[in-house]
Every structure is written in C-alpha cells, then in structure tokens.
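This report looks at salt bridges in one protein model. The sequence and structure come first.

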Amino acid sequence: MHNGATNFIDGQWLTSVSGDTFPSVDPGNHERVLGTYARSGSAEVKLAVEAASRAYRSWRATPAPARGALISRMGEILAANKEDLAHQISREMGKVLIEARGDVQEAIDMARYIGAFGRMPDGYTVPSERQDVACFARRVPVGVVAMITPWNFPVAIPAWKMFPALVTGNTVVMKPSEESPGVAVAFVQMLTEAGIPRGVVNLLTGFGREVGKELIESPHVSVVSFTGSTATGTQIMERCATLGKRVSCEMGGKNGIIVLEDADLELAVKGAIWSAFGTTGQRCTAASRLIVHKAVIDSFTNRLLTAVQALAVGQAGNDAVDIGPVINEGQVHRIHNYVQRAIDAGAKLLCGGARPVGDAYSSGSFYEPTVLAGVTPDMEIAQVEVFGPVTVIMKADSFEGAIDIANSTNYGLSLSVYTRSSSLAFRAIELLDAGLTYINLPTSGAEIQLPFGGTRKTGNGHREAGLHAADYCTEWKASYINYSETSDLVRAQIDV
Ligand code: UN1
C-alpha cells in the first residue's frame, strides 16, 4: 500500500477520493515523516458504511465459533509481529518500547480471550409460565459499529472495541486518530492475513471533524464507540441521542493514588512513578493526583523526588529512556499552560515545569516530569485531565479526608490506595467512586478479563473488556416457542 492508499474499504486498499493526504510525524523528531495517509471525508464514509452494511448480512450468519476462530488467528498474527508492531507504535506515538510491547500484548490477550467467546454461552433459557412453551434469550448483533479510537493505545484500544463487535456478528468502520494512522493500517493488514471477509472491517484514515463526524451521522451506523476527551465525547453523545443511536464513550480521567499513614512508602513511590509518568502521563489511567496522609507527606515527597530525578527523558526507541515525547507541540503548550496556571494559583513547583534543554530535545515535543505540591481540590490542576507527565501532591488529614479528595472531581476512572490495613483497604473500595479501584497497585495496569471504564463524566455506563465487553454492540432478543399440539390459546398473565 503506497501513496496514501491507506483506506481499507470493501476489502481494497484505496487512496482518498480527492487524493488528499496528511503526514504522520515522529513526535520525538518532527523532521522525521513516517508516511502519508489518505485524508478521508464524506465520500469515503459512504462507501465504507455501505460495504459494512452489505457484509453484515453474511457475517452475522457466519457461525460464532468461526468468527471466534478468526479473532484467535488475529491474536497469533499479532504475537508473531509483536516486536515490529511495537517499534512502529513507539516511532509513531512516542511511547517507550517496553510499553509499546505491552500495548500489543494487551491486544493479543484480548484476541485470545474474545476468540474463545465464539464457543461460549450467548444467552440463557428460563422456564415459561405456560405449559409446552420454551423460552430463551440470546445476544444478537446490532449492525455496523463505528469506532473512533485514540493514539495513546493505538493497538490495544481498537482490539478492545473491535474483537467483541466481530465475535458477536457486527461489522466495523474504524477511524483511528490522525496521530497514529500507520499503526492502524498495520493492524488492519494483519486482519486481512487472518482472513477477515470483505467489508467486515473497514478503515478510514483522517481527521475527526471530517470523518468521525460523518460516520456518526450515517444512518447505516447503528453504534458509535469512542475513546477520547470528555468534550468530544459529550458532543458525540448529544448527537447520538438526537439520532437515536447507541453510543459507548470512554472519556477523561483524573485518577489518584491515596497514600495512607501505614503505607509501604517504597512501594507507594514506585506505584506513583509508574502511574504518573508511564506513557509520559498520556494514559486515561494516569495518576495526576497523589493524595498523601499528613503524617507521611514529607518522607513520601522526598522519596518521590529522588525517584523522579532518576527518570531519563528522551527518544522512545532508546532502551535507557523512561519518558518519551508527548504527542505533539499543541499538547506541550497545553501542559505547560496548566502548570503555569497552577503555580499562579499557589501550587509549589518541586521539579520539572519546563521543556528539557539540549540538542537531543530540540526537534521533538518533550516535557520534563513535573511534580507540584500544595495543591488543593479547588484548583484547576486538581480537576482537569492534563494528559502529560505532571502530577500533584495533595495533603489529607485522615482516611475519610483522603477519600473525599479522591472523589472530588467530575471523573471516576481509576483510584488506588496504599495501606497495610485490610479493613481500610476494603472500606476504601466501598467508598471510592470509580470504575477501577486498586489496593497497593498503580492506577494503570487494568487486565483485559475485567471490565474497563469509569463512572460519572468518564463514561456513559458502558464497560470495555471483561465478560460484558460485547454489551455495547449487542441487544437481547427474547424468544417464545409454543410446541403444544393443542389448539388452545393460553394467554400469559391471564389464563395461567
Ligand atoms: C488508556 O489509557 O486509554 O490500565 C487505556 C491501563 C491500560 C489501559 C489504558 N491497561 O493503563
């Protein structure tokens, strides 16, 4: 596939109808253009959705075990190509290699897990109140699923959304972020190797306002699944409500780690470093708040700063680097403005707060790992999702006070508590308002066999992964069968 032929529609690799393209650039070195990609719009959306609608008829009729087998094959192809794909992820969106391998591994795990769904129960039977009547309920697909996916997990997130949709008989049109089109193309190429039938998965590269928007409007799209910002997700939900369309949104987070008086501080610092600065803070699950009991705040802060000083910022492909670039220049400015405003509001900068200096950083979008102290829940920095290598320290006076601070944002994705007390651990799990809760573990590190998603403004009630991964793209059909040989009408609720 060359010269921008990066749309995959009805089994064919195509350029955009207009011939327009856009570049994908290494965030660690802006002079390094990695490829050019089709810039799609409404014409391509129409073709892709039509192809997906046509393919739906035969794909939904394909036995579920065969659909599952295809996904299992995809898992093995991903495993065989793990290293190459990880390098491509690392170049295109800037996460360090060890994490890029994790991104691919998450998709492999998901494929192996969901592949097996093809032979798992897809419903249940219950007794009828009427004699000689059989009843069962089954999960059925809904049609064409539009997936709008982000750049921060360019393989894992498409896998979470796509495999459950496919195993249950839906077809897909995927619009990956314009920041990671190359990885999306590689992913779909692997699906073709796995034998995906024509039209079952379609890929449109391009921009949200030109492709994503059109996809949502398309009358033949039955479900929209989106991961990204709360601002965009809210617009999508509003539009889908008007159009009467199902929608699953996975949006912002303002995750936090509580460190209680009795915590293992060495473990808590390791968890905080990984949660705050892993993936350069660009995870939905990143911990941008460290809520520390007053009795241990000084010693926790000292240990944390020592650990931050040891972190190396640099090119993502270099094994000695801990923190790669952030995704683009706009994001560097956004992060820096949040840090500046926090300082203006009274926060104390303990480290970072600037771009690193030196030739090694001059061509890329780098930002130093940043820690702010003296932050209170009313400050902007304690409320907004920064999506960068920035975390804040907040003081708690008690267990209850710490829980209140943890719950004091609009988001509810991932919250963690470090404590040696099992009673406080279980009480915290009860009291924390979040979709993911952790004890003595980082806020990042969700496993695919559990539900992933958040409460309040993080989501709209759906969960990805886990046993209910296909809820967002399936409906329940109830069936009643009268097998009696009499001609008697027996009315439910009346004749029995
Ligand atoms: C995301 O950042 O969008 O728990 C997903 C984690 C990963 C998933 C992150 N397994 O951090």
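## Basis

This is a predicted model, in which local features need pLDDT of at least 70 and side-chain atom pairs count only at pLDDT 80 or more, while totals for chains, interfaces and linings use all residues. Residues are numbered from 1 along each chain as its sequence is written, and side-chain values use heavy atoms, with hydrogens and water left out.

## Count and network

Side chains of opposite charge can pair when their charged atoms come close. A salt bridge here is a side-chain nitrogen of Lys or Arg within 4 Å of a carboxyl oxygen of Asp or Glu. The count by this rule is 22 salt bridges.

## Pairs and their exposure

Buried means under 20% relative accessible area, exposed over 50%, and partly exposed in between (1.4 Å probe, protein chains only). Asp-103 and Lys-95 form a salt bridge at 2.7 Å, N to O. Asp-103 is buried at 0% relative accessible area, and Lys-95 is buried at 1%.

Glu-178 pairs with Lys-175 in a salt bridge whose closest N and O atoms are 3.6 Å apart. Glu-178 is partly exposed at 27%, whereas Lys-175 is buried at 3%.

## A pair across the chain and a network

In the salt bridge between Arg-456 and Asp-433, the closest N and O atoms are 3.0 Å apart. Arg-456 is partly exposed at 31%, and Asp-433 is partly exposed at 29%.

Salt bridges that share partners also join Asp-10, Arg-54 and Arg-198 into one network.
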